Amino acid sequence: KSYGGARTLREQVTALEGREDAVTRTSVAARIEEIRRELDLDAVLLLDSRAQLLAAAGDPGFRELSGAFLERARSALGSGEMLSAYLHRDSQADGGSVLVDDVVPLAGPVAGAAAVGALVLREDARRRMFRLIRDLGPGETDEALLVRRDGDEVLYLSDVRYLEDAALRLRRPLDDADLPAARALRGASVE
């Protein structure tokens, strides 16, 4: 389904911006809760054209937005382009959770018009994504990990089997010859 061009939702965002309308607010809340259930997400947030929170559905612990996240959301609103699978640790979210967010700008009423708002489709990465990655390891001692190069370090994007809460916190030197993740990021053989 596409939510970015949803006419009714776009009209409701425009109606809510800058004024209080209980009927519209109730209708919007019901619609975003429906989206949250359809997609099995932890939260769905509705932002206005300035990236201010208009409405939210789902776990209250996932409704807070950090300054860094809002900067990314404003960028998506300005470009009209979806920000997809943005993996981050939001310091404002419950317990510094690792989140996967999709920011879907709601298109303006005519082609080329600025976005009137955005939907934030939010999921706790540990609930599904990290579990799938963990299950990729074929044996008891094998482990599948998500990592990326960050300067001269390996940044672990997913949790590590024997180190609690490592995602987006654990870093290791990229030049560590004994570290399989470092060797892989350098393009060397990993055995």
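Where in the chain is Ser66 found? Ser66 sits in the loop between strand S2 (53-58) and helix H3 (67-79). The model described here is predicted. The chain has 191 residues, of which 43% are buried, and it contains five helices and eight strands.

**Overall architecture**

- Read from the N terminus, the order of elements is α-α-β-β-α-β-β-β-α-β-β-β-α.
- Among contacts with a separation of 6 or more, 44% join residues 24 or more positions apart.

- Ser66 is buried, because its relative accessible area of 7% falls under the 20% cut-off.
- The C-alpha atoms of Ser66 and Asp90 lie 6.2 Å apart, although 24 residues separate the two in sequence.

**Strands S3 and S4**

- Strand S3 covers residues 83-89, and five of its seven residues are buried, so the strand is largely enclosed by the rest of the structure.
- S3 pairs with strand S4 (residues 98-106) in the antiparallel sense, over five bridges.
- Within this pairing, Arg89 stands opposite Val98 of S4.
- In a regular strand, side chains alternate between the two faces of the sheet.

- Strand S6 (residues 147-150) and strand S7 (residues 153-156) form an antiparallel pair over four bridges.
- Val147 has Tyr156 in S7 as its bridge partner.
- The hairpin of S6 and S7 has two residues between the strands, and Gly151 in this hairpin has a positive phi near 70 degrees.
- S7 also pairs with S8 in the antiparallel sense, over three bridges.
- Leu155 stands opposite Arg171 in S8.

**The loop between S7 and S8**

- Asp165 belongs to the loop between S7 and S8, and its phi is positive, about 60 degrees, although the residue is not a glycine.
- Asp165 is partly exposed, with a relative accessible area of 27%.
- Leu168 is found in the loop between S7 and S8, and it too is a non-glycine residue with a positive phi of about 60 degrees.
- Leu168 is buried, because its relative accessible area is 19% and the cut-off for buried is under 20%.

**Arg36 in helix H2**

- Arg36 lies in helix H2, which spans residues 22-39.
- Arg36 counts as buried, with a relative accessible area of 19%.
- Leaving aside neighbours within four places in sequence, Arg36 is in contact with Leu41, Asp42, Ala43, Val44, Ala57 and Gly58.

- Ala177 is located in the loop between strand S8 (171-173) and H5.
- Ala177 is exposed, because its relative accessible area of 51% is over the 50% cut-off.
- Not counting residues up to four places away in sequence, Ala177 touches Arg183 and Arg186.
- Ala177 and Ala188 are 11 residues apart along the chain, with their C-alpha atoms separated by 9.7 Å.

**Largest pocket**

- The largest pocket has a volume of about 300 Å³.
- Its lining consists of Glu143, Ala144, Leu145, Val147, Tyr156, Val160, Leu170, Arg172, Leu179, Pro180, Ala181 and Ala184.
- Helix H5 (residues 180-185) gives the most to this lining, with three residues.
- By class, the lining of the largest pocket has 10 nonpolar, no polar and two charged residues.
- The bridge partners Val147 and Tyr156 are among the residues that line the largest pocket.

**Second largest pocket**

- The second largest pocket has a volume of about 160 Å³.
- Lining this pocket are Arg126, Phe130, Arg131, Ile133, Arg134, Glu143, Ala144, Leu145, Ser158, Asp159, Val160 and Arg161.
- The lining of the second largest pocket divides into five nonpolar, one polar and six charged residues.

Key: Residues numbered from 1 in each chain as written. Predicted model: local features only at pLDDT ≥ 70, side-chain atom pairs only at ≥ 80, totals over all residues. Heavy atoms only, no water. Buried < 20%, exposed > 50% of the residue type's maximum accessible area, 1.4 Å probe, protein only. Pairing = 2+ DSSP bridges. Contact = heavy atoms within 4.5 Å. 1 Å grid on protein atoms, 1.4 Å probe; cavity = no way out; pocket = protein on both sides within 12 Å on 5 of 7 lines; lining within 4 Å. Points joined across faces, edges and corners; volume = space filled by probe spheres on them. Nonpolar A, V, L, I, M, F, W, Y, C, P; charged D, E, K, R; others polar.
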